[in-house]
Amino acid sequence: MPQLEPTKPFLSAYAEEATALKRRSLLESAAVAHELGNLIQIASSAVNIIARSSRFDVTPTLEPVISGARTSLERAGILVRQSLHRAERDPSDVGHIDVAQAVAEIADLIRPTWAPTHRIALDVGAVLPAVKCEPLGLQSAILNLALNARDSMPNGGTITITAAMLFPDDDKTLVELSVADCGIGMTDETMKRAFDPFFTTKSGGLGGVGLPMVKRFVEGAGGQIRLSSMPGAGTTVTLFLPAVRR
């Protein structure tokens with residue numbers, strides 16, 4: 001019995017419908033990003049008013065907190081603009097990124113806003129090759145891992161961020177980037193689902209987004225991610241990112 005093949009008009013209609021669905025999805029995403037941008041502007045204005053107005057007595061201890069809030073809102077605004085840009089155009093902003101600089105910038109961003117009980121220790125190689133990836137994607141990955149590490153240490157502790165160069169073989173160079181905490185750790189069951197979208201052990205808020213986003217970024221950059229953890233002994237998330245050949 002001869003097989004029937006789809007006619008060109010059918011395929012054309014199907015393609016047009018798929019394109020329309022994609023445009024509708026992009027439009028909805030752009031609308032959400034636009035509204036977030038408006039809210040960020042309002043929050044930024046409020047922070048600036050507090051920082052500049054003489055009616056508020058801003059003590060020296062609050063100055064770094066306000067500065068950190070302002071910087072966080074600025075970075076959130078950048079992420080929103082990037083989302084809008086992606087809704088209009090598909091190509092990603094990929095470049096040769098300095099891992100040490102990205103780590104230092106995130107550490108400078110979060111240190112002033114965290115409680116003194118939570119500390120950050122950096123152990124970054126003196127000479128690291130660049131990695132080819134989205135700059136905001138790398139910073140977002142580091143930030144997400146640092147926030148997860150902080151949340152896993154309710155009583156405080158030290159988060160250690162390390163970066164080093166690896167040579168798995170003669171033709172390949174990697175940058176190994178890891179974020180380690182001394183928090184509550186994960187059970188085997190939790191580790192198996194750690195990268196599942198929206199899976200979370202947190203009681204409040206929208207959890208289960210950070211690690212899947214990090215995994216997606218790493219794989220998009222041609223790298224790999226490894227998770228190791230033990231209940232009561234903390235968690236370490238390690239990213240292996242291909243280095244740019246010199």
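Modeller: Read along the sequence, the chain runs α-α-β-α-β-β-α-β-β-α-α-β-β, where helices (H or I, at least four residues) and strands (E, at least two) are DSSP runs numbered from the N terminus. This is a predicted model, in which local features need pLDDT of at least 70 and side-chain atom pairs count only at pLDDT 80 or more, while totals for chains, interfaces and linings use all residues. Residues are numbered from 1 along each chain as its sequence is written, and side-chain values use heavy atoms, with hydrogens and water left out.

Biologist: How many helices and strands are there in the protein chain?

Modeller: The pattern along the sequence, α-α-β-α-β-β-α-β-β-α-α-β-β, lists them in order. The protein chain has six helices and seven strands.

Biologist: Which residues of the largest nonpolar core touch the most other members?

Modeller: A nonpolar core is a set of buried Ala, Val, Leu, Ile, Met, Phe, Trp, Tyr and Cys residues joined through side-chain atoms within 4.5 Å, and buried means under 20% relative accessible area, exposed over 50% and partly exposed in between (1.4 Å probe, protein chains only). Among the 38 residues of the largest such core, those touching the most other members are V99, L138, L177 and L239. Elements that each supply at least two residues of this core include helix 3 (99-110), helix 4 (135-151), helix 6 (210-220) and strand 7 (234-242).

Biologist: What covers the buried residues of helix 6?

Modeller: The buried residues of this helix are G210, L211, P212, V214, F217 and V218. Two of them, V214 and V218, are in contact (heavy atoms within 4.5 Å) with L239. The cover over the buried residues of helix 6 includes strand 3, helix 4, strand 6 and strand 7.

Biologist: Is E219 buried or partly exposed?

Modeller: E219 is found in helix 6, and its side chain makes a polar contact with the side chain of K215 at 2.7 Å; such a contact is a pair of N or O atoms within 3.5 Å, and within protein one must be able to donate a hydrogen and the other to accept it, with residues adjacent in sequence counting only if both atoms are side-chain atoms. Because its relative accessibility is 45%, E219 counts as partly exposed.

Note on methods
Lists of a residue's contacts leave out its neighbours within four places in sequence.
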